Amino acid sequence: MRRTASSLVTCARYSLASAASWPEAVSLLESEGCVVTPGETAVLDDLYLDTFDWLLFQSRLSLCFRTGAGRPAFALRGLPEAEGGAAAPIDREVRAPSGAESDPSAAVPRALMRLCGDIISPRRLVPQLRVRTSVIPCGISFPDGMKVRAAAESSTFHAEGFNPARRGARRMFRLSAAPAGGRAAGLAELDSILAPRFEHAPAGESMLEAAIAGLGIAFPAKNPPPELRPRPDDRLDAALGRILAFQFRRIEENVPGLLRDIDTEFVHQARVCARRMRSAMRFFEGALPSRAAASLGDGLRWLAGLLGAVRDLDVFLLGLPGCASAAGIAAGEGPLEAIEGRIRDRRAALQAALCAGLGSARFLRLKARIGSFAARPAGRRALPMLRETAPRMIMDRFDSAVAQGRKVVAKPKLANFHKLRIRFKKLRYACEFVSPAYGGSPDPFVRETVRIQDCLGDLQDTVFARKLIEETKNGLRAQSADSDLLFTLGRIFEVQARIAGEKQASFAAIWEAFDRPETRNILASALRLGGA
């Protein structure tokens, strides 16, 4: 895309076809009476960091660790919102601490983490891609005395981290220029000479975006691609096949992170997918022959159990610092560290079992069964279409959840809360399964359930935490452990019990905002749209 000279105010970039284009540009400038003074070639190495699912990039930010230009440094910058648009108001560069080269993702300075920590939490940073650039700086003086600073850049792209190891298909050559002495008119003169021969680089495209495109990096997505979206006229077995195939694809995307165990979110995301697959099997009951359904169900129950065992301990460990603080226990106290150590040892054993499971023949058989089911043509059995059954099935789940919610309000016992949580999950997942077939119309209803889901989830976390504390206390008593450990566990138990009481007490008001005729109408109306 060609830009006019008037738009070249602070920077100009030109795309070059090859390494030979730079000498050609120099010759063209010199033929117009310009003096080109090259400097010493430098090689820059830029390692871009982000979460596994690119949360920084999705927030239009880039975090880079650069070496090769003086002391290593980290830079956090805003990316343009659209072609030619203004970048976000973040442009910070901070010197890297000593030894950052050994693990840049763990050495990001606090000044930068304060700016992006809320975006990525609770995920951790991982290396995503590397850009190596050879830079030839030069000064360009025009006959009328105008000057610009320019650089010929030759870049290669390399995938890192969890991305399949590969190098970009081709080098990228660019010529960048900026005013010297603050006089932008020099860029207009440069453009009058170079623009007839060289195209401008894409407006607003950052080096990170160019590298992502060059490497063909695919982002993990929570929304299924077109070929895996259920359709209104799908038979129930076809709809189920698409749902299972997409959810298992998401599990596989998380497998590298599960095996390396650097971020608890990998377990979290994979567990949610396994739960959704099991819920889909129940929602589409009858879509599979009984033997095939039993085989798939056993495999998914096994996988969900491996993931759930690790995730439950992760939730406890993530909440332990805040819980200890609420109990008046200072971080680093001996008993607290001992308790945390015991839980981490238990988690390590469960993590090892999970990794063994992911590498087992049983996991491969489960993958093969899901792939075979999703790819097979329609069978001879007469099955209804999704649009014929989904509205009734979902409304039945809604009515069941509402009935249980009213029971909870009348008798706020933990057993009733647990039943409601299960029914709400079934309802939410069912809405999410069919949402693509209904053009996303059930999504506003799903958002209406968020506060209830959060409350029920937090309450269930306290149930598990208290059970875990009791098991740990019993184990310590059997070992005649130090009384300080038992006392510390008791204080943490009390905090968990208090949190549970607060969640139970707050539920009635949250439920009152949900249990209205309007809520049912929102869902019923959504299921009449797009699927008919």
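**Notes on a predicted protein model**

1. The protein exposes about 25400 Å² of surface, and carbon and sulfur atoms supply 53% of that area; accessible areas here come from the Shrake-Rupley method with a 1.4 Å probe, and for residues only the protein chains shown count as cover. This is a predicted model, in which local features need pLDDT of at least 70 and side-chain atom pairs count only at pLDDT 80 or more, while totals for chains, interfaces and linings use all residues. Residues are numbered from 1 along each chain as its sequence is written, and side-chain values use heavy atoms, with hydrogens and water left out.

2. For the overall picture, the C-alpha trace spans about 90 × 65 × 50 Å along its principal axes, and the secondary structure of the protein comes to 16 helices and 9 strands. Helices (H or I, at least four residues) and strands (E, at least two) are DSSP runs, numbered from the N terminus.

3. Of the 532 residues in the protein, 47% are buried, where buried means under 20% relative accessible area, exposed means over 50%, and partly exposed lies in between (1.4 Å probe, protein chains only). Among the contacts with a separation of 6 or more, 73% are between residues 24 or more positions apart; a contact means heavy atoms within 4.5 Å.

4. Turning to charge, the protein has 76 positive and 58 negative charges, whose mean positions are 7 Å apart. Lys and Arg count as positive and Asp and Glu as negative, while His and the chain ends are not counted; the place of a charge is taken as NZ of Lys, CZ of Arg, CG of Asp or CD of Glu.

5. A surface patch of positive charge gathers Arg282, Lys407, Lys411, Lys413, Lys419, Arg423 and Lys426. Such patches are made of residues with over 30% relative accessible area and no salt bridge, like charges being joined within 9 Å. Helix α12 (residues 414–434) gives the largest share of the patch, 3 residues. Arginine 423 is found in helix α12, and this arginine counts as partly exposed because its relative accessibility is 30%.

6. The model holds 28 salt bridges, each defined as a side-chain nitrogen of Lys or Arg within 4 Å of a carboxyl oxygen of Asp or Glu. One of them joins aspartate 298 to arginine 301, with the closest N and O atoms 2.3 Å apart. Both residues lie in helix α8 (residues 290–326), 3 residues apart, which is about one turn of the helix. Aspartate 298 is partly exposed at 37% relative accessibility, and arginine 301 is partly exposed as well, with a relative accessible area of 44%.

7. Aspartate 237 also forms a salt bridge, in this case with arginine 235, where the closest N and O atoms are 2.7 Å apart, and both aspartate 237 and arginine 235 are buried. The C-alpha atom of aspartate 237 is separated by 9.8 Å from that of proline 289, although the two residues are 52 residues apart along the chain.

8. Proline 289 itself is found in the loop between α7 (264–283) and α8, and it counts as partly exposed at 33% relative accessibility. Leaving aside residues up to four places away in sequence, proline 289 touches Arg376 and Arg381.

9. A further salt bridge links arginine 516 with glutamate 518, the closest N and O atoms being 3.6 Å apart. Elsewhere, salt bridges that share partners join Asp45, Arg130, Arg132 and Glu160 into one network.

Notes:
Patches are made of residues with over 30% relative accessible area and no salt bridge: like charges are joined within 9 Å, nonpolar side chains (Val, Leu, Ile, Met, Phe, Trp, Tyr) within 5 Å.
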